[in-house]
Amino acid sequence: MYALNNQTVFITGASAGIGRACAQAFAAAGARLLLAARREDRLAALADALRTAHGAEVHTVVLDVRDPAAIDTTLSHLPSAWRTVDVLVNNAGLARAMQPVHENTLEHIDTMVDTNVKGLLYVTRAVVPGMLAHGRGHIINIGSTAGHSVYPGGTVYCATKHAVRALTEGMKMDLHGTPIRVSSVDPGLVETEFSRIRFDGDDDRAAQVYAGLHPLTATDIADVVLFCATRPAHVNVLDVVLMPTAQSSATMVDRSGTL
Ligand code: NDP
Ligand code: 8X3
């Protein structure tokens, strides 16, 4: 096992869902946590909880991954003890609406592409040189089953997650011959704030996404992210796809309530 004690894990989108669950999993494994998101109050509450529960060292930064200047400024002004990132979890991401491509608003298109694709690239670009300088590191991208197939109404979101899959494969090649590892964890339906955000706070519509099935939890995903990060140094898990037992493809979901 690759020990995480005193390793610094940088998680984007740590204020909710999968990012928050990853923070909890890595804190329990003894890592130091550098946590980023836009909602400062959420980050502060999580940091307090991790310090109390695990005695974890935690540093939080308010960061919008769509803002490359803010990423550079924030990372270059980190206290020196936080400047070496051992594991980067590129998790910040979202979907907006579910409709045919020509009905997407420009704002929805920009938000998805800027966050899921450009934001992931901006953060990676800022962190990788430090990993190379220190001769170790691991980039773990949160992709999606939406990066493996496309479903009606999800054209733009699926395109962004297909891009994440290409970025994972390309990063591994770009970092060929170095000790830096690159992984992607690609979940199907996970019950988080994801659908609430997608449907503009419509809780009833969000609940329908998970109705009649036992969806994955954020903790299920964090377990797999932690698994990738704790393989021995010679093992690179490139991609893990996981879905609820009740889900067999993006569009085949058993909602009988029996699974
Ligand atoms: P949540 O909505 O619960 O969490 C999303 C996180 O991303 C929040 O912490 C949010 O923080 C952060 N975030 C969003 N935009 C930005 C931004 N511009 N800058 C910084 N942080 C941002 O959703 P999930 O936990 O489900 O989603 C996490 C990742 O998992 C996403 O990449 C998503 O695409 C992926 N995924 C989700 C699945 C699901 O079914 N839920 C399945 C497959 C993949 P804040 O608002 O505070 O900035
Ligand atoms: C989230 C999973 O199926 O809602 O990436 O697109 S799905």
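Visitor: Which residues is S15 in contact with, leaving aside its neighbours within four places in sequence?

Guide: The contacts of S15, beyond neighbours within four places in sequence, are R20, A37, R39, R42 and L43. Contact means heavy atoms within 4.5 Å. This is a predicted model, in which local features need pLDDT of at least 70 and side-chain atom pairs count only at pLDDT 80 or more, while totals for chains, interfaces and linings use all residues. Residues are numbered from 1 along each chain as its sequence is written, chains are lettered from A and ligands numbered from 1 in the order in which they are written, and side-chain values use heavy atoms, with hydrogens and water left out.

Visitor: Why does S15 count as buried?

Guide: Buried means under 20% relative accessible area, exposed over 50%, and partly exposed in between, with a 1.4 Å probe and protein chains only. S15 has 6% relative accessibility and therefore counts as buried. S15 sits in the loop between β1 and α1. Helices (H or I, at least four residues) and strands (E, at least two) are DSSP runs, numbered from the N terminus.

Visitor: What makes M252 exposed?

Guide: M252 has a relative accessible area of 53%, so it is exposed. M252 belongs to the segment after β7, and it touches A246 and Q247 when residues up to four places away in sequence are not counted.

Visitor: How do you know that L33 counts as buried?

Guide: The relative accessibility of L33 is 0%, so L33 counts as buried. L33 is in strand β2. With neighbours within four places in sequence left aside, its contacts include V9, I11, F26, L50 and W82. L33 and Q7 are 26 residues apart in sequence, with 8.5 Å from C-alpha to C-alpha.

Visitor: Which residues have the most contacts inside the largest nonpolar core?

Guide: They are I11, F26, L33, L35, L50, V185 and V225, in a core of 39 residues. A nonpolar core is a set of buried Ala, Val, Leu, Ile, Met, Phe, Trp, Tyr and Cys residues joined through side-chain atoms within 4.5 Å. Elements that give two or more residues to this core include β1 (8-12), α1 (17-28), β2 (32-37) and α8 (218-229). α8 gives the most, with eight residues. A second, separate core of 25 residues includes W82, V123, V127 and L167. In soluble globular proteins, nonpolar side chains tend to be buried together.

Visitor: What makes α3 roughly parallel to α4?

Guide: Helix α3 (residues 68-76) and helix α4 (residues 106-134) pack at an angle of about 30 degrees, with their axes 9 Å apart. Angles under 35 degrees count as roughly parallel, over 145 as roughly antiparallel, 65 to 115 as roughly perpendicular and the rest as oblique. The angle of α3 to α4 therefore makes them roughly parallel. Axes are lines fitted to C-alpha atoms, for helices over the stretch in contact, and angles run from 0 to 180 degrees between N-to-C directions.

Visitor: Which residues of α3 and α4 make the contact?

Guide: P68, I71, D72 and L75 of α3 meet Y122, V123, R125, A126 and V127 of α4. By class, this contact has seven nonpolar, no polar and two charged residues. Ala, Val, Leu, Ile, Met, Phe, Trp, Tyr, Cys and Pro count as nonpolar, Asp, Glu, Lys and Arg as charged, and the others, Gly among them, as polar.

Visitor: Why are α4 and α5 roughly parallel to each other?

Guide: The axes of α4 and helix α5 (residues 155-174) cross at roughly 15 degrees and come within 9 Å. α4 and α5 are therefore roughly parallel. Among the residues that meet are I109, M112 and V113 in α4 and V156, Y157 and T160 in α5. By class, the contact of α4 with α5 has twelve nonpolar, three polar and one charged residues.

Visitor: What is the phi of N6, which is not a glycine?

Guide: N6 has a positive phi of about 65 degrees. Most residues other than glycine have a negative phi. N6 lies in the segment before β1 and, with a relative accessible area of 60%, is exposed. D200 is another residue other than glycine with a positive phi, near 55 degrees. D200 is in the loop between α6 (194-198) and α7 (203-209). At 60% relative accessibility, D200 counts as exposed.
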